[in-house]
Amino acid sequence: MNHIDVLGAYGGKGCGKNTTCFRIAKNITIDAGNILAPLKKESTDIEHIFLTHSHLDHIIDIPFLIDAFYSEKKTPLRVYGLKETLDDLKTHILNWRIWPDFSELDLIDKSGKSILLCEIKIGDRFEISGLLIEPITTCHTVASCGYRVTKGDTATIITADTGVCDELLVEIEKTKNLKNLVIECSFPSRFKKLAEDSKHFTPEILVGELSKLPSLNFNIFLNHIKPSYENEIRQEVHSTEMLKNSIVLEDGWKIGY
Ligand SMILES: [Zn+2]
Ligand SMILES: [Zn+2]
């Protein structure tokens, strides 16, 4: 694939909007907010899911994905995340109460477990399907990370949920071949306090952070908008000088590598 499929662009469900999920190669997604509905049978191609954090809008399709294709799977579904993220998934979702723990269930042909939980750390490097995938620091209310995805000689950073985060700015600045920055903008600026408390961005907070960078010579894509504020945020973005050329993502769009 020479592009990223935006399977879910939003920070909430509602009125046909879907939650965070980026298909970065035929068999890899970042987050699992919306896999089954857009990919249908092709969902069986997904072998690797890199999680940014444990909030429901980022993990919700994992239980349904493994359940839907359990009998057909010949290889485990590898789910990558920080230790806290995987602990949350196992403790609160795959716990035999909310859903079966597929990380303890063998594949039908007994060749291995049906889900492998793979712990990652900031600074790790994964080379899969012609991509280099590196977890980078983000700052959210729970342990979280974003990912730098490098294909050929260009890089894309996908941050998922974050508020003000100096480490993230350092990563953006040091990625000299950065072509695309996907960064969240959950709330309109009038919800400054809510955004700060829940560690998300508004257009105003985002501008404050981006203005600390020496240059913005890359494409800026905004995602994780809360659907109920979509129109308001779009209007704000278009009337904000620094953001007016940025692209507000929608479900089903593509981002070229
Ligand atoms: Zn979220
Ligand atoms: Zn979150």
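Start by selecting helix 4, residues 83-92 (helices are DSSP runs of H or I with at least four residues, strands are E runs of at least two, both numbered from the N terminus). Thr85, Leu86 and Leu89 are buried here, meaning that 20 or more other C-beta atoms lie within 10 Å of their own; exposed is 12 or fewer, partly exposed is in between, and C-beta atoms are placed from the backbone. These three sit on the same side of helix 4 because they cover an arc of only 95 degrees around the axis, the arc being that of the directions from the helix axis to the C-beta atoms.

This is a predicted model, where local features need pLDDT of at least 70, side-chain atom pairs count only at pLDDT 80 or more, and totals for chains, interfaces and linings use all residues. Residues are numbered from 1 along each chain as its sequence is written, while chains are lettered from A and ligands numbered from 1 in the order in which they are written.

Next, pick helix 5, residues 166-174: Leu168, Glu171 and Ile172 are its buried residues. Their arc covers only 100 degrees around the axis, so they share the same side of helix 5. Asp166, Val170 and Lys174 are exposed on the face turned away.

Last stop: serine 129, in the loop between strand 7 (126-128) and strand 8. Serine 129 counts as partly exposed because it has 14 C-beta neighbours inside 10 Å.
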